[in-house]
Amino acid sequence: MELSLTALFLALTAALNLWIGGYVYRRDPGAGQNRAFGFMATTISAWTTAIAFAHYASVGHTWALRFAFASASLITLGVLTFIQRIPVGAIEHSRMRRWLFTPIGLALCAFSFSPWIVVSVTPGPYGSGVTYGPLHLVFAAYVILWLTYSGYLLASKYRASAGLLKLQIRYIIFAFAIPSGLVTATNLVFPVFLKTSTFSKYGPFFSLFLLGLIGHAIIRHRLMDMRVVVKRSVVYLAAFSAAGLILITLLVGSNLIL
């Protein structure tokens, strides 16, 4: 693998994501929410690793990016499972995941290892050039549908909840919204509309914010007042976002200079 600052940060991000997921899972392996979070963190770590290899490995760029798409398909299922573990809401939401999103997500995961989504990847000095297959737009549409449904599901659970649970769901909405939007922009919107995958290598950095904040909520929400958690996390996310944007700006600038 090519040694660069961005590659090292991607490797560190993958390791931290896996550690956060394992830590939360080990705190209560019998809890469905912890298991769902652990699965979500593991798939995000695998996706981050694949992105790193797709951009910086000496060989195997095409297969690495295909593995990234396969991991992303599983991330959607992990997120939906985690959201549905929130103890409020109707059973039809579980049926929607089981009979719609799970079959489509698993099918796209399987197709990810074929030229139907990624045909080839050509490394370049300023980012990899990607030739996409006919199912790439289907994958993009699926992700948009998943994001829309996830937002609707969280909003429904928020309206049906009360008291402390309502505050917790508000916190989860906040923790998902900004990182998910940034990752979608760098890894889906830009490749589809701008025809470039240059910025996709920066998307995994935002996953640390999501997993860190959600993991903190799972571990600490029974020990701390949720209002304190939310107020502190607003400050943390603002600081992390600013630091992340500065870091990405520096990385992009260094790549252009070099």
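Predicted model: local features only at pLDDT ≥ 70, side-chain atom pairs only at ≥ 80, totals over all residues.
Local features require pLDDT of at least 70 and side-chain atom pairs count only at pLDDT 80 or more, whereas totals for chains, interfaces and linings use all residues. Residues are numbered from 1 along each chain as its sequence is written, and side-chain values use heavy atoms, with hydrogens and water left out.

The protein contains 8 helices and 2 strands, taken as DSSP runs numbered from the N terminus (helices, H or I, at least four residues; strands, E, at least two). Their order along the sequence is α-α-α-α-β-β-α-α-α-α. Of the 258 residues, 48% are buried (under 20% relative accessible area; exposed is over 50%, and partly exposed lies in between; 1.4 Å probe, protein chains only). Among contacts (heavy atoms within 4.5 Å) with a separation of 6 or more, 74% link residues 24 or more positions apart.

The accessible surface amounts to about 12,500 Å², and carbon and sulfur atoms contribute 71% of this; areas were computed by the Shrake-Rupley method with a 1.4 Å probe, and for residues only the protein chains shown count as cover. A nonpolar surface patch is formed by Trp 63, Phe 67 and Phe 113, with about 320 Å² of accessible area together. Patch residues have over 30% relative accessible area and no salt bridge, and nonpolar side chains (Val, Leu, Ile, Met, Phe, Trp, Tyr) are joined within 5 Å; a salt bridge places a side-chain nitrogen of Lys or Arg within 4 Å of a carboxyl oxygen of Asp or Glu. Trp 63 belongs to helix H3 (residues 61-84).

The largest pocket has a volume of about 720 Å³, the space filled by probe spheres set on grid points joined across faces, edges and corners. A pocket is an open set of points on a 1 Å grid over the protein atoms alone, where a 1.4 Å probe fits, with protein on both sides within 12 Å along at least five of seven lines; lining residues have an atom within 4 Å of a point. The lining comprises 41 residues, and Val 143, Trp 146, Ser 180, Val 183 and Thr 184 lie nearest the centre. Helix H6 supplies the largest share, 11 residues.

Asn 17, in helix H1 (residues 5-27), is buried, with a relative accessible area of 0%. Beyond neighbours within four places in sequence, Asn 17 contacts Ala 41, Ile 44, Ser 45, Thr 48, Ser 207, Leu 208 and Leu 211. Thr 196, in the loop between H6 and H7, is partly exposed at 22% relative accessibility.

Methods: Patch = residues over 30% accessible without salt bridge, like charges linked within 9 Å, V, L, I, M, F, W, Y side chains within 5 Å.
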